[in-house]
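Morning, everyone. I'll take a few spots in this model one by one. Please have the structure open.

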Amino acid sequence: MASSASAASPEISKPKIVNGPGGYVLEDVPHLADYVADLPTYPNPLQDNPAYSVVKQYFVHVDDSVPQKIVVHKDSSRGTHFRRAGPRQKVYFDADEVHACIVTCGGLCPGLNTVIREIVCGLYHMYGVKKVLGIDGGYRGFYAKNTVQLDPKVVNDIHKRGGTILGTSRGGHDTSKIVDSIQDRGINQVYIIGGDGTLRGAAVIFEEIRRRGLKVSVAGIPKTIDNDIPVIDKSFGFDTAVEEAQRAINAAHVESESFENCIGLVKLMGRYSGFIAMHATLASRDVDCCLIPESPFYLEGPGGLFEYIERRLKENGHMVIVIAEGAGQELLAESMQSMTQKDASGNKLLQDIGLWISQRIKDHFSKQRKMPINLKYIDPTYMIRAVPSNASDNVYCTLLAQSVVHGVMAGYTGFTSGLVNGRQTYIPFNRINEKQNKVVITDRMWARLLSSTNQPSFLSAKDVTEEKGNEESSNQLLDNGNCSKESLVFNEITK
């Protein structure tokens, strides 16, 4: 999905790092005042908002920050911090001059409509902003589609629906065309909702706007059902996905209990990270085996999956297997050609591991002729993505949306709103885009899962040593308070 704009990407600005005593490091977010001179400020209208009259402290203190790491030793340095989210005493936009836009990109996720609703209502009710545009159809909607006028009446009930009222798409990122459209329309606040690829695109848009010296704030709300975005505690829609996955697991359990030697196999989302499969398994307690991308497994031989299935069926007469879509891809030797192909977002096109492993299990037991089996395969992927968000995610979406509105009105730009150790924060794009969050299979949470399912780890001693080494390297990176700024990939945008 390379575009003409991608070939000449704007120069990347340096991260804003503030050092303090005791090893304190603030990874700050950019501000409009960094590159636009003589910006006027205005009193925050929240000071006259009756809804906020009960708040003991109206505004977040300028020095408030949130630590990334909260488990420390007595001799530990203070470590990396992020700016605390919330309303500021001064704002850098007058309500009458604000022309905001909202765009959703990439795949569907529970809570998209809630975030849209709360951005619109937050701008309207908290700051008096009346001009909000919805960009139709993802990034390409900036230059190839119509826009939708948004106000509280239009978005009033959309949180009760799945999907996104703005439409979405993968790809379509052309930096120059997008920024030209923003400039031509007089837009000065851009709210971008999407996953890792989308936020890489948001970072490029921010850099181009900064290069042109425009008074335009660009802010992101991280969205991925896989929960694979780093730094933040979790992404919105994840709780709903785990809850909805229970329906599929319960169905598989009922089926498997009702037939002799029956296996209920459920494929869940998780292209590179197995968080949904892991949490759904832990929540269910009916799962006998959970397979995720981070934990390699093998099928045949002592300690392999086939041996475990046979033992489990002899013991219980049935079993439930949960597998993430990205698990076991290295085993699909017959389909290696597909491993080099990518979709419009730059994601690898994966073969259906669920169908493949179902057939391998059937073939194995058919050849053995010792134990006839039944196998029921359930793939609820698109059902899970399309549902409205549950109560927990609705609250979380509200906090994310209101926090990002406060940050943009305060003049911050080039950031995402995210939960870090239970506190809303502003995180610079480079930290969100630097890597993917993955399940650590030498961590206690994975150990809890293994003790719940009683499955083998499928790991050799060498695998465990290598995994612990990777984890120690990651922890050392955090302790130092420094992160390498990996070059942004401009040719693949949106997830």
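Start with Gln189, which sits in strand β10, residues 189-194. One reminder: this is a predicted model. Is Gln189 buried or exposed? Gln189 is buried, because its relative accessible area is 0%, and the cut-off for buried is under 20%. Its side chain has a polar partner. The side chains of Gln189 and Tyr191 are joined by a polar contact of 2.7 Å. Now look further along the chain. Setting aside neighbours within four places in sequence, Gln189 is in contact with Phe93, Val98, His99, Ala100, Cys101 and Leu123, and also with Val216, Ser217, Val408 and Met409.

Phe93 leads us to the next residue. Tyr42 touches Phe93 too, along with Gln89, Lys90, Val91, Tyr92, Asp94 and Glu97, if we skip residues up to four places away in sequence. Tyr42 belongs to strand β3, residues 42-43. Here the relative accessible area is 22%, so Tyr42 counts as partly exposed. Take Tyr92 from that contact list. Tyr42 and Tyr92 are 50 residues apart along the chain. Their C-alpha atoms are separated by 6.3 Å.

Next, a sheet. Which order do its 4 strands follow? The order is β13-β14-β12-β15, the sheet is open, and the pairing is parallel. At the edges are β13 (289-291) and β15 (374-378), each pairing on one side only. On average, neighbouring strands of this sheet are turned by 15 degrees against each other, direction ignored.

Go to β12 and β14. Strand β12, residues 262-268, pairs with strand β14, residues 318-324, in the parallel sense over 7 bridges. As a reminder, strands of a sheet pair through backbone hydrogen bonds.

What lies across this sheet's strands β12, β13, β14 and β15? That is helix α9, residues 353-368. Helix α9 runs at about 160 degrees to β12.

Last, a helix pair. Helix α6 (residues 238-258) packs on helix α7 (residues 275-284) at an angle of about 60 degrees, with the axes 9 Å apart. That angle makes α6 oblique to α7. The crossing of α6 past α7 is right-handed. Now the residues in between. From α6 come Phe238, Ala241, Val242, Ala245, Gln246 and Ile249. They meet Phe275, Ile276, His279, Ala280, Ala283 and Ser284 in α7.

Terms used: Residues numbered from 1 in each chain as written. Predicted model: local features only at pLDDT ≥ 70, side-chain atom pairs only at ≥ 80, totals over all residues. Heavy atoms only, no water. Helix = DSSP H or I, 4+ residues; strand = E, 2+ residues; numbered from the N terminus. Buried < 20%, exposed > 50% of the residue type's maximum accessible area, 1.4 Å probe, protein only. Polar contact = N/O pair within 3.5 Å; in protein donor to acceptor, adjacent residues only side chain to side chain. Contact = heavy atoms within 4.5 Å. Pairing = 2+ DSSP bridges. Axes fitted to C-alpha atoms, helices over the stretch in contact; angles between N-to-C directions. Parallel < 35°, antiparallel > 145°, perpendicular 65-115°, else oblique. Left-handed = near helix turned anticlockwise from the far one by under 90°.
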